[in-house]
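Student: I have a model open and would like to understand how its chains meet. Could you walk me through it?

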Number of protein chains: 2
Amino acid sequence: MSKAQAFLHNWLRHRLVLVELVNAFPEEHLDYKPYEKAMSLKELVLHTVMSADSFIETVKRGELVRSYELGKPQVETMEDLRKLVHDVTEKNKTDITGLSEEAFVKLVDVSKIFGTSLSGEAILHIMRDHEIHHKGQLFVYARLIGMEEVPLFVKRDL
Amino acid sequence: MSKAQAFLHNWLRHRLVLVELVNAFPEEHLDYKPYEKAMSLKELVLHTVMSADSFIETVKRGELVRSYELGKPQVETMEDLRKLVHDVTEKNKTDITGLSEEAFVKLVDVSKIFGTSLSGEAILHIMRDHEIHHKGQLFVYARLIGMEEVPLFVKRDL
C-alpha cells in the first residue's frame with residue numbers, strides 16, 4: 001500500500017465519523033455554543049474541515065497555505081454545512097490519493113505556524129490529530145444538544 | 001530512533017497536555033458533569049489513562065489486558081487524580097521505552113474488543129487516538145467549569 005493510500009485510510013476512519021455526526025445534528029442547533037466564548041457548532045465543524053483542507057493543500061503544493069486563503073465558506077443552514085463537509089471531504093480524498101511518495105518526505109516551510117519546516121507526513125499527522133481533538137469536542141456538543149445516540153469515535157470496519 | 005522511542009515521543013506530545021490540564025483543574029470540579037449521563041471529569045480522566053495503560057500492557061504482554069484487570073484506582077480528591085495520572089504516566093513511559101521492535105509487529109489477539117488480531121503498533125495507535133479524542137472532550141469540560149486559560153492541544157517543543 002502506498003503512503004498516500006495508508007494515510008487516506010487512517011484519516012477516513014475519523015473523517016467518516018465526523019460526516020456521520022454532522023449528518024445527525026438537528027437543524028436548529030447550527031449556532032449552538034456550550035459557553036459564551038466557545039466556537040459555535042457550525043464554527044467548530046468549519047474550523048476542523050477547513051484546517052484539514054489547508055494542511056492537505058500545504059502538502060500538495062509544497063508551501064504553507066492558510067485556511068483563509070481557501071475562501072470563506074457560505075454556510076447558513078445545517079444542510080449547507082453537511083454539503084460543505086461532504087464536498088471538502090471528497091476533494092480531500094482526491095488530493096490525498098494524488099500525493100506522491102516524495103510529498104510525504106519533502107520538507108515544507110511551515111515556520112509561520114509551527115516555527116520550523118516539517119515533512120509532508122508530519123503535517124498530515126498533525127492535521128489528523130487536530131481533527132480527532134475537535135471531533136472529540138463535537139461529541140460533547142452532540143450530547144449537550146440532546147443527542148442520545150452518537151457513533152463510536154472511530155470507524156472499525158473500513 | 002527506535003520504534004519505541006518514536007512512539008513515546010509522539011504519544012507524550014499529547015499525554016503531557018493531559019497532565020497539564022489535570023494539574024490545572026480546580027479542586028471542586030472533580031465530579032463535574034456537563035450533562036446527566038456524562039462521565040464526570042474524574043471518570044473521563046480515569047477512563048482515558050486507564051484505557052491507555054491497558055492497551056500498553058496488552059502490547060507488553062502480547063495478550064489482551066482489560067482495564068478492570070489492572071485494579072480500580074482509589075481517587076477521592078483532585079490531588080489523588082493528579083498523583084494517579086502522574087504515576088501511571090511514569091509507568092507507561094517505562095513500559096513503552098522497554099518495548100522491543102518485535103512487539104510493534106507481533107499480532108496480538110484483541111478480537112474480544114476489536115473483532116480481530118492487531119499488531120502492537122496498531123494497538124498503540126488506537127490508544128493514542130482514543131486519548132486525543134477524550135482529551136479534546138476534557139478541553140470542553142475545562143471551559144465549562146470556567147477555566148479561561150487552557151494549553152494548546154499538543155506539545156510542540158518536546
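Tutor: Happy to! Contact here means heavy atoms within 4.5 Å. This is a predicted model, in which local features need pLDDT of at least 70, side-chain atom pairs count only at pLDDT 80 or more, and totals for chains, interfaces and linings use all residues. Residues are numbered from 1 along each chain as its sequence is written.

Student: How many residues of chain B are in contact with chain A?

Tutor: Apply that cut-off to both chains. Chain A brings 22 residues to the contact. On the side of chain B, the number is 22.

Student: Which element gives the most to the side of chain A that touches chain B?

Tutor: Helices here are DSSP runs (H or I, at least four residues), numbered from the N terminus. The elements giving two or more residues to this side are helix H5 (111–114) and helix H6 (120–144) of chain A. With 13 residues, the top contributor is H6(A).

Student: How many salt bridges does the rule find across the interface of chain A and chain B?

Tutor: The rule asks for a side-chain nitrogen of Lys or Arg within 4 Å of a carboxyl oxygen of Asp or Glu. Glu148(A) and Lys37(B) meet this way, at 3.0 Å from N to O. Across the interface, the count is four.

Conventions
Chains lettered and ligands numbered in written order. Heavy atoms only, no water.
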